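Biologist: I've got the structure open and want to walk through its rings and pockets. Can you take my questions one at a time?

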Amino acid sequence: MFKGHPKGLYALALANTGERFGYYTMLAIFVLFLQAKFGLSAQTAGQFYGIFLAAVYFMPIIGGYIADKFWGFGKTVVTGILVMFTGYLLLFTQKDATGSTAFVMMIIALLCIAIGTGLFKGNLQVMVGNLYDDAKYAAKRDGGFSLFYMAINIGSMFAPTTATAVTNMFLGRQGFVYDANIPSLAHQYLDGTITAAGTARLETLAGYQPGFGGDLTTFCHSYIDSLSVAYSYGFGVACLSLILSIAIYFGFRRTFKHVDVRKGDKTQEETKAVELTPKQTKERVVALCLVFAVVIFFWMAFHQNGSSLTARDYTQPVGIGWTNIGFDVWALAMIAVAVYAIFGVFQSDTPKGKILSGIILTACAVGIWYKAVTLDYRIPLLPQIFQHFNPFFVVALTPVSMALFSALAKKGKEPSAPRKIAFGMLVAALGYCVMAAASIGLPSPKELAETGGVSHVLVSPNWLISTYLVLTFGELLLSPMGISFVSKVAPPKLKGLMMGLWFGATAIGNYLTSVISSIWNTGLSLVMIWGVLIILCVISAIFMFSMMKKLEKTTA
């Protein structure tokens, strides 16, 4: 699995792991932060979330153009890290700011994060692709991007737990315990829009808080301020992760320095291959744009995990029984390592490798058993903790997908990258079928808003976890394969721009997440809302299959 890849892959992957850890730590609490500090409604916060994600994934178009025409990939990547760091630092330092000052600082910070990500993200992945332009690595391109994508998700997996730990620690210092119901009710109480039933509920919830002094107004101010500060410290974690990321980048730069192409240099592909004709260039660009158009709707569906798919409103805020092991990130890490150890036992070329894999597998099994028997039967859950399941599934299932496609390749039956993407769209539709089944009988978001609180009918956390699992199957078919596809098919002189356009398609999809936010409180049932996403994913898959011959012929 890890054999035969260029050393630069691991350096670039680890540098990206650090950056993604900080980004997803921030993203895990972003919507919750907006609602807690500024009192934004779920709909308005969802709009902010969509616009921010769109900006983050749109900026790589500009970043790719800058790298292609001016700075080269390495200089653009380093500049991006520095600009991102400035953004996270502003989010952290605005914890003491209030009112319009805090809001303006937040907007500037988000712009810095978006611009910095645009300079960093796409160009780093172009450098990964350039490693595989060497003929001796070319056959391993898809596998290399799968490993790269897996490394990204290692950082993502630990982010929600880190955000939760930081929130609990700093909120606890003020004598409070997190409760998803309180921020919204507290803002309603302070601005005078709360109902009598909401006031009664707020009084009850406040009574459970160790820091409640008896005055509801004082409590609301104190709780909101303390929670906002706790979230700001979560943004501070992102600053630290970027320092680690840039240290890895420069510490191991010698392993990938040869693919850091600057303006005027020729890429490896240009020096080894015949120059593309204008017709060939056009055909490749058109094929890529067709793929970009389809993946828009995947990301629209997938990135609901930060807005409509949060666990705040409809999911039980407690874990019960043996499934609680899924809420312990260290247990999940051991499960993931155990999966890799199993493959090591069967795939290692030497007896020593097999024995070492067996020892690691045994150690993980003991650790998992210990976690299972010592976990509390009933544990409280914060909404952001659910966001570690998707990256965990990516990390754990990557060797499975690599083994599957490797076996198919040996038989000459491996699907093409466009075909994998089309299947990924169908799998995404299945994910929302799971969510639709879980939503039968639940009140609509509008009905929920009218009561001013969380639904009294709550479903098992396993429904949301299952949805994330199915969506991850779709992601593994679409995202790493799509990035690999772009790096292979993009015309040599347009690599940065084409990778940027891949993220541009992602940006449009991320912005379209706000479409669900806009219909959230219109009175539609949850089943109908999920149905919109199901239909869009199915239509996209049908379109992709209808264009398959053209795509496969053009990009063969």
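This is a predicted model: local features need pLDDT of at least 70, side-chain atom pairs count only at pLDDT 80 or more; totals for chains, interfaces and linings use all residues.

Biologist: How many aromatic pairs turn up in the whole structure?
Modeller: The search covers the whole structure. Rings of Phe, Tyr and Trp pair if their centres lie within 6.5 Å. On that basis, the number of aromatic pairs found is 31.

Biologist: Phe33 and Phe235 form one of those pairs, so how is it arranged: stacked, tilted or edge-to-face?
Modeller: The two ring centres are 5.1 Å apart, with 85 degrees between the planes. Planes over 60 degrees apart fall in one class. For Phe33 and Phe235, that class is edge-to-face.

Biologist: Which helices does that pair link?
Modeller: Phe33 and Phe235 are 202 residues apart, so to speak in distant parts of the chain. Both of these residues are buried. Phe33 belongs to residues 7–38 and Phe235 to residues 216–251, which are helices α1 and α8.

Biologist: What about Phe386 and Phe389: are they buried or exposed?
Modeller: Their rings form a tilted pair, 6.3 Å centre to centre with 50 degrees between the planes. The relative accessible area of Phe386 is 1%, and that of Phe389 is 3%. Because the cut-off is under 20%, Phe386 and Phe389 both count as buried.

Biologist: Which residue has its charged end over the ring of Phe405?
Modeller: The charged end sits 4.0 Å from the centre of the Phe405 ring. A charge has to be within 6 Å of the ring centre to count. The residue is Lys420.

Biologist: Let's move to Gln43: which residues does it touch, leaving out those up to four places away in sequence?
Modeller: Gln43 lies in helix α2, residues 42–71. At 32% relative accessibility, Gln43 is partly exposed. Its contacts beyond those sequence neighbours are Ser517, Ser518 and Asn521.

Biologist: Which element gives the largest share of the lining of the largest pocket?
Modeller: That pocket holds about 1,400 Å³ of space and is lined by 46 residues, with His5, Lys140, Gly143, Met402 and Ser406 nearest its centre. Elements giving two or more residues to the lining include α5, α11 and α16. The largest share is nine residues, and it comes from α13.

Biologist: And by class, how many of the lining residues are charged?
Modeller: The lining has 23 nonpolar residues and 13 polar ones. Asp, Glu, Lys and Arg count as charged. In this lining, the number of charged residues is ten.

Notes. Residues are numbered from 1 along each chain as its sequence is written. Side-chain values use heavy atoms; hydrogens and water are left out. Rings of Phe, Tyr and Trp (its six-membered ring) pair if their centres lie within 6.5 Å; planes under 30 degrees apart count as stacked, over 60 as edge-to-face and the rest as tilted. Helices (H or I, at least four residues) and strands (E, at least two) are DSSP runs, numbered from the N terminus. Buried means under 20% relative accessible area, exposed over 50%, partly exposed in between (1.4 Å probe, protein chains only). A charge sits over a ring if NZ of Lys or CZ of Arg is within 6 Å of the ring centre and within 35 degrees of the ring normal. Contact means heavy atoms within 4.5 Å. On a 1 Å grid over the protein atoms alone, a cavity is a set of points where a 1.4 Å probe fits but cannot get out, and a pocket is an open set with protein on both sides within 12 Å along at least five of seven lines; lining residues have an atom within 4 Å of a point. Grid points are joined across faces, edges and corners, and a volume is the space filled by probe spheres set on the points.
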